[in-house]
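This briefing is meant for someone opening the structure for the first time. Please keep the sequence and the 3D view at hand while reading.

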Amino acid sequence: IFLFIMLSFQVIRLAEFVVEHQVPILEVGRLCTSLLLSFVPIAIPIAFLFAVLMGISRANSEGEILALQVNGVSLPQIFFPISLFSTLVTGVCLYTSLYTVPQGNRSFELLITKIGNEKAMAALKPGVFMEGFYGLVVFAEQLIPMKNELKRVFIYDEREEAHPLAISAQEGILKNEVERGMLTLRLTNGSILPEKHEPGGIQQKINFEVYDINLEVAAPAGDAWRAYSPPSYNYPQLKERIQETTQDIVVHRQLLVELHRRFAMSAACFVFGALGFFIGITSSRGIRSTAILLCLLVAVFYWLGFLSANMLAVSGWVLPWVGVWAPNFIFLAFSYWLYRRAAYP
């Protein structure tokens with residue numbers, strides 16, 4: 001349920017791919033799968049917190065916790081099976097964070113690259129001058145979308161304001177070089193006319209058989225192709241990158257934060273298990289009707305604290321492990337305070 005709630009926030013964005021850019025439903029389905037994988041490290045701890053809070057609060061409201069205590073079963077003994085299950089869930093979440101989720105993130109990056117190529121062709125119309133096409137003005141008399149081909153092409157390239165170029169070619173093809181992270185417009189059988197700097201100057205003309213224009217694919221929404229981002233490294237790759245970037249302090253710190261983040265988010269399952277248990281045993285009888293609200297409040301406060309601590313760690317204000325693990329220690333200390341309150345009223 002929590003996974004699909006998170007996915008619902010992306011519905012408008014996913015619908016845009018289908019309606020505006022005519023991306024096949026199957027491709028959008030693959031995007032959804034990759035997104036769901038990326039949400040797993042967040043959704044599992046929240047769902048586990050809700051499960052423990054709901055179950056324990058119900059047992060407490062019906063007097064079962066009190067009955068166990070009257071019969072000599074202490075609170076640590078009651079918590080023991082939940083702690084074992086919390087450890088199991090932590091292990092599952094850790095495995096997904098180290099291996100499965102990075103694979104999903106990487107698949108999402110590569111799939112967005114493919115869709116970005118299709119969007120680039122979708123931005124062009126035959127027989128129309130298109131401005132703002134990656135900084136170019138492009139005219140193509142004929143388009144063949146299935147092959148990403150353009151026929152009888154004219155381009156005005158003013159990306160370098162001091163040296164604008166007018167380019168014409170018989171044919172062109174858009175190539176998406178995934179491994180290099182580059183979108184290339186390859187033109188064949190054409191000519192280049194640099195703009196004259198002086199009215200009476202000589203007009204140059206350069207004929208070519210093949211001419212490549214490398215296009216800037218970075219987009220403000222972050223949907224462009226990029227090299228492996230930190231969340232896309234699996235555990236061995238991340239350890240290797242940490243060793244390789246010891247001289248680059250900024251990148252090295254970011255990678256260390258990413259490594260500790262995966263362990264800390266997984267350990268949050270155990271922290272939330274303890275927190276849910278001790279909130280449940282100290283709650284009133286009407287807690288069942290507000291379990292979802294309490295769960296969301298705890299999740300929001302934890303997530304805000306986690307993001308703030310991560311920002312401090314990335315910026316270098318605190319050590320990476322201190323910033324990433326601080327919310328877990330704080331919430332675990334709060335759980336212990338609740339335990340002391342319940343055990344020694």
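The structure is a predicted model, with a mean pLDDT of 82 and with 84% of its residues reaching 70 or more. Its secondary structure comes to 9 helices and 6 strands, and buried residues make up 42% of the 345 residues in the protein. When contacts between residues at least 6 apart in sequence are considered, 62% of them join residues at least 24 apart.

**Confidence along the chain**

- Among the elements of the protein, the lowest mean pLDDT, 71, belongs to helix H2 (residues 11-19), while the highest, 91, belongs to helix H6 (residues 235-244).
- Over residues 218-226 the pLDDT stays under 50, and for this stretch the model has 16 contacts beyond four places in sequence.
- Where pLDDT is low, the predicted coordinates should not be read in detail.

**Packing of helices H7 and H9**

- Helix H7 (residues 249-281) packs against helix H9 (residues 320-343) at an angle of about 10°, and the axes of the two helices are 8 Å apart.
- Because angles under 35 degrees count as roughly parallel, H7 is described as roughly parallel to H9.
- Sorted by class, the residues in the contact of H7 with H9 are 22 nonpolar, 3 polar and 2 charged.

**Aromatic pairs and a cluster**

- The count of aromatic pairs comes to 18, and one of them joins Phe 79 and Phe 277, whose ring centres are 5.2 Å apart and whose planes stand at 50°, so this pair is tilted.
- Phe 79 lies in helix H5 (residues 75-122) and Phe 277 in helix H7, so their pair ties together parts that are 198 residues apart in sequence.
- Both partners are buried, since the cut-off is under 20% relative accessible area: Phe 79 has a relative accessibility of 12%, and Phe 277 has one of 0%.
- Ring pairs also link Phe 79 and Phe 277 with Phe 270, Phe 278, Tyr 336 and Tyr 339 into a cluster.

**Phe 48, Phe 85 and Cys 269**

- Phe 48 lies in helix H3 (residues 25-61) and counts as buried at 7% relative accessibility.
- Not counting residues up to four places away in sequence, Phe 48 touches Phe 85, Ser 86, Val 89, Cys 269 and Gly 273.
- Although Phe 48 and Cys 269 are 221 residues apart in sequence, their C-alpha atoms are 6.7 Å apart in space.
- Phe 85, found in helix H5, is partly exposed with a relative accessible area of 47%.
- The C-alpha atoms of Phe 85 and Cys 269 are separated by 9.6 Å, while the two residues are 184 residues apart along the chain.

**Strand residues and backbone angles**

- Most residues other than glycine have a negative phi.
- Arg 152, placed in strand E3 (residues 149-157), has a positive phi of about 50° although it is not a glycine, and at 37% relative accessibility Arg 152 counts as partly exposed.
- Asn 189, which lies in strand E5, likewise has a positive phi, of about 55°, without being a glycine, and Asn 189 counts as partly exposed at 48% relative accessibility.
- Ser 191 is also found in strand E5 (residues 182-194), and Ser 191 is buried, with a relative accessible area of 10%.
- Leaving aside residues up to four places away in sequence, Ser 191 touches Ala 166, Ile 167, Ser 168, Lys 205, Ile 206, Asn 207 and Phe 208.

**A loop residue, Arg 159**

- Arg 159 lies in the loop between E3 and strand E4 (165-177), where Arg 159 counts as partly exposed at 38% relative accessibility.
- Beyond its neighbours within four places in sequence, Arg 159 is in contact with Tyr 134, Gly 135, Leu 136, Ile 213, Asn 214 and Leu 215.
- From C-alpha to C-alpha, Arg 159 and Leu 136 are 7.2 Å apart in space, and 23 residues apart in sequence.

Methods. Residues are numbered from 1 along each chain as its sequence is written. This is a predicted model: local features need pLDDT of at least 70, side-chain atom pairs count only at pLDDT 80 or more; totals for chains, interfaces and linings use all residues. Side-chain values use heavy atoms; hydrogens and water are left out. Axes are lines fitted to C-alpha atoms, for helices over the stretch in contact, and angles run from 0 to 180 degrees between N-to-C directions. Helices (H or I, at least four residues) and strands (E, at least two) are DSSP runs, numbered from the N terminus. Angles under 35 degrees count as roughly parallel, over 145 as roughly antiparallel, 65 to 115 as roughly perpendicular and the rest as oblique. Ala, Val, Leu, Ile, Met, Phe, Trp, Tyr, Cys and Pro count as nonpolar, Asp, Glu, Lys and Arg as charged, and the others, Gly among them, as polar. pLDDT is the predictor's confidence in each residue, from 0 to 100. Contact means heavy atoms within 4.5 Å. Rings of Phe, Tyr and Trp (its six-membered ring) pair if their centres lie within 6.5 Å; planes under 30 degrees apart count as stacked, over 60 as edge-to-face and the rest as tilted. Buried means under 20% relative accessible area, exposed over 50%, partly exposed in between (1.4 Å probe, protein chains only).
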